[in-house]
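Biologist: Can you walk me through this model? I'd like to begin with the core.

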Amino acid sequence: MKHDEAEDIVKEALTDVVPEADLTTLGPDETFRDALGMDSLDFLSFIEILTRRTGVRIDDEDAPHLTTLADSTGFLLARTE
Amino acid sequence: MASDAAGAAKTTYREAMREALREALRADDRVFLMGEDVGRYGGCFGVSLGLLEEFGPERILDTPLSESAFVGAGIGAALNGMRPIVEIMTVNFSLLALDQILNNAATLLHMSGGQLPVPLVIRMTTGAGRQLAAQHSHSLEGWYAHIPGIRVLAPATIEDARHMLAPALADPDPVLIFEHGSLYNASGELGPPAGPVDLDHAAVRRPGTDVSLITYGGSLPKALTAADELAADGIDAEVVDLRTLRPLDGRAVAASVARTHRAVVIDEAWRSGSLAAEVSARIAEDSFYELDAPVERVCSAEVPIPYARLLEQAALPQTADIIAAAHRAVD
Amino acid sequence: MAEFTMPSLGADMDEGTLQEWLVHAGDPVRKGDPVAVVETAKSTIEVECFEAGRIGQLLVTPGTTVPVGTPLARIEPLAEADTPTEPEAPAKPARPPRPPAAEGARSTARKPSRRKPTPLQAPTATGPPPDHDHAVEHRGHGDEGPLVRHLAEEAGIDLDTVHGTGRGGRVTRADVGRAAAAARSPARVTPYARRLARELGVDLRGLTGTGPDGTVRASDVRAAAPGPTTPPTPQSGGGVPARASAVRRKEGMREAIAGLMSRANREIPHYYLSTSIDMATALDWMHEHNHHRPVGERLLPAALLLKAAARAAREVPELNGHWLDGRFAAAEEVRLGVAVSLRGGGLVAPVLRNADALELPQLMSQLKDLVARARNGRLRGSEVADPTLTVTNLGDQGVEAVLGVIYPPQVALVGFGRVVERPWAVNGLLGVRPVVTASLSADHRATDGAVGARYLTSVDRLLQSPEEL
């Protein structure tokens with residue numbers, strides 16, 4: 001997977017979960033759960049979508065690596081190598 | 001002749017530039033001008049005519065045909081507290097001094113932990129249109145705009161020719177000024193500064209609502225003519241003059257696209273890897289949700305600029321090309 | 001003859017706006033069928049019918065706001081032969097049934113389709129009016145959730161034409177989304193036009209583009225915008241301007257919350273208790289459980305906390321019920337209200353019915369469904385009515401403890417904060433444990449502190465044996 005593809009998947013997943021999110025103002029290292037007001041259910045949906053689109057297995061322990069656009073993208077890239 | 005009074009006076013781009021040099025030489029003893037034929041001959045394009053007589057050979061220095069050496073000398077003088085203005089005949093020849101500009105002028109401040117600023121101004125001619133053939137006609141300012149550590153200016157109006165030199169000399173970093181050869185004879189009234197006199201902001205030379213014509217330097221007059229003709233077709237074009245190519249005023253570009261939702265970027269350099277490419281990329285990054293049509297670019301044909309007049313004209317961006325691109329974006 | 005009236009969908013509801021009829025005069029209805037969509041100050045709710053019968057005259061037209069209790073329609077008794085048949089019986093396709101664990105306890109599963117049962121006269125030569133035909137087209141799609149059906153209807157998508165990727169071939173939300181996207185991409189749309197369409201409330205479906213290759217551009221969107229054509233705005237747009245109805249809804253919700261909470265603070269003498277609970281065992285168990293399951297079936301700490309709160313309410317019934325007419329009335333079942341904050345402000349508290357008896361996976365899937373519909377779709381009347389105890393889980397918003405205001409006429413509110421790592425002494429040794437602060441706001445008219453203490457102790461004890469939750 002290419003970096004941009006991974007980032008697009010992350011962004012699309014966020015948009016699916018929080019349809020009114022304005023990702024143009026979301027910085028790559030901003031914590032999106034705070035910025036977009038996501039609760040744990042939203043986060044679970046986000047994980048569900050990522051898993052469905054990429055086939056990457058994401059466990060509870062991986063949650064700390066999925067907090068920003070940058071680290072989520074990096075996580076997907078690392079797991080699809 | 002330019003006038004110091006507030007009243008407007010008829011002048012040319014060349015004279016405005018000369019007046020700016022004269023003002024700088026008068027204002028500060030540390031300022032001197034050097035370059036090929038700047039003294040006795042009055043400059044290859046006549047910009048420094050009369051300055052040798054007025055300021056003497058100590059401050060108006062003719063140099064050998066050795067760009068690397070005299071740009072290096074300028075850097076050394078700047079390091080030692082002078083405020084040199086170095087003229088290079090054309091941007092093509094500046095490549096002989098590229099090592100001095102890129103590896104010394106642009107880097108010394110940063111490699112010395114801030115101890116060695118290089119307050120140097122380098123002026124040079126750029127661009128085609130006067131049948132000077134491929135070795136004197138290229139537009140390589142986009143290459144320089146790639147380099148961190150220097151500032152790159154492209155005065156396109158008589159006002160900017162008159163008023164950009166002083167802040168360039170005041171800048172602690174090396175500043176490159178690109179004067180398009182076709183502009184020297186441009187004449188008009190020199191009023192008080194029409195746009196910003198600072199070196200950080202682009203200027204809207206003509207406001208409009210339907211399409212942004214984003215350009216700089218020698219292409220500005222063509223864009224303004226195109227805008228006039230487009231107005232006759234019912235298209236209200238806004239013309240943005242970038243003025244400073246590095247650092248680029250991306251905010252002004254985004255603001256214009258937010259008004260018009262369509263952009264045509266005009267750049268006399270080659271399209272591939274050009275400044276126009278950089279501007280287009282910025283629009284895609286910053287203004288994606290403002291775009292109502294794909295960005296259009298009008299650039300030179302990807303050939304060494306031909307000598308034959310018809311071929312040269314065919315290779316360069318022309319008013320008709322700008323009008324056609326604007327129509328593609330709007331229609 | 002019975003009447004179907006504007007229901008009270010919460011203690012704070014005085015009136016409601018009938019937004020849409022889901023039935024026509026003459027349609028047979030069974031108890032529990034959704035018959036109308038009602039907009040309250042706080043949300044849009046599908047209201048169910050409490051009687052079986054045949055819809056008689058519709059008394060109120062959509063768009064009308066009426067007080068609670070106003071008759072909306074008459075319900076006539078059914079003739080014997082008219083008894084509506086179970087719609088899926090004859091027409092059920094070869095779809096495997098849903099596994100009950102994940103979906104069975106959804107309130108919608110009681111009545112798997114809101115599709116109108118086919119009237120007996122339907123197959124006659126004249127046939128029903130085209131409107132009624134609608135139901136027949138959907139034959140075979142009984143077991144999609146109400147949200148999916150609602151979304152499909154809104155997008156004008158026939159579920160029969162949609163390829164289902166869900167369990168047992170069920171059509172999921174994502175499937176409807178894809179089908180809707182495919183149906184509404186007649187041509188390309190420029191980014192600015194797409195943004196403008198959102199701002200002006202223009203539906204891009206069916207728009208004809210005048211740009212190259214039929215591309216829809218800003219001018220096409222403006223031409224399709226309702227009302228006077230908006231001139232091109234000179235300044236760049238920041239946020240999407242809120243639509244009038246959204247603003248009204250927001251103001252209405254604020255007003256409703258203000259009224260109810262003022263009443264609570266005025267009338268209820270609150271007392272507050274809180275305790276810290278070691279979550280190590282519960283979370284270890286949950287992670288182990290999740291490790292063996294696909295993401296869609298995983299649990300969140302919230303599910304464990306809600307289950308423990310519901311079980312404790314069963315154990316301490318003095319806190320589960322309502323303060324009515326100067327005395328406490330205990331409730332028979334635990335109807336656990338879950339405070340859900342809405343994006344853009346406000347909150348609703350849909351109900352997990354019999355939450356104490358739900359298996360954790362059921363509770364989790366119901367929670368997901370309720371929260372999703374509270375935010376994006378519609379809740380049913382039965383899903384917002386009469387919670388007996390409400391839980392607010394502000395921990396998701398990052399705070400460690402919440403001391404809330406009780407929703408009258410309930411007598412307690414349970415709060416959970418964020419699960420945080422804290423130094424914790426166990427058997428004389430200091431360790432780092434995940435800890436949650438559980439709090440209780442309770443009505444001192446109904447109970448004393450000792451009852452509240454018993455409740456929080458129960459919650460703690462239940463969370464120490466997660467496998468039994």
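**Cores and contacts**

Modeller: The largest nonpolar core has 103 residues. Those with the most contacts inside it include Leu153(B), Leu213(B), Val264(B) and Ile322(B). Such a core is a set of buried Ala, Val, Leu, Ile, Met, Phe, Trp, Tyr and Cys residues joined through C-beta atoms within 7 Å. Buried means 20 or more other C-beta atoms within 10 Å of a residue's own, with C-beta atoms placed from the backbone; 12 or fewer is exposed, and in between is partly exposed.
This is a predicted model: local features need pLDDT of at least 70, side-chain atom pairs count only at pLDDT 80 or more, and totals for chains, interfaces and linings use all residues. Residues are numbered from 1 along each chain as its sequence is written, while chains are lettered from A and ligands numbered from 1 in the order in which they are written.

Biologist: What is Ile322(B) in contact with, sequence neighbours within four places aside?

Modeller: Among its partners are Leu213(B), Lys222(B), Val264(B) and Pro317(B). Contact means C-beta atoms, placed from the backbone, within 7 Å.

Biologist: New topic. Is Glu67(B) buried or exposed?

Modeller: Glu67(B) counts as buried, because it has 24 C-beta neighbours inside 10 Å. Leaving aside neighbours within four places in sequence, its contacts include Ile88(B) and Phe93(B). Met89(B) is 22 residues away in sequence and 9.3 Å away in space, C-alpha to C-alpha.

Biologist: How many residues of chain B are in contact with chain C?

Modeller: Ten residues of chain B, in contact with ten of chain C.

Methods. Contact = placed C-beta atoms within 7 Å.
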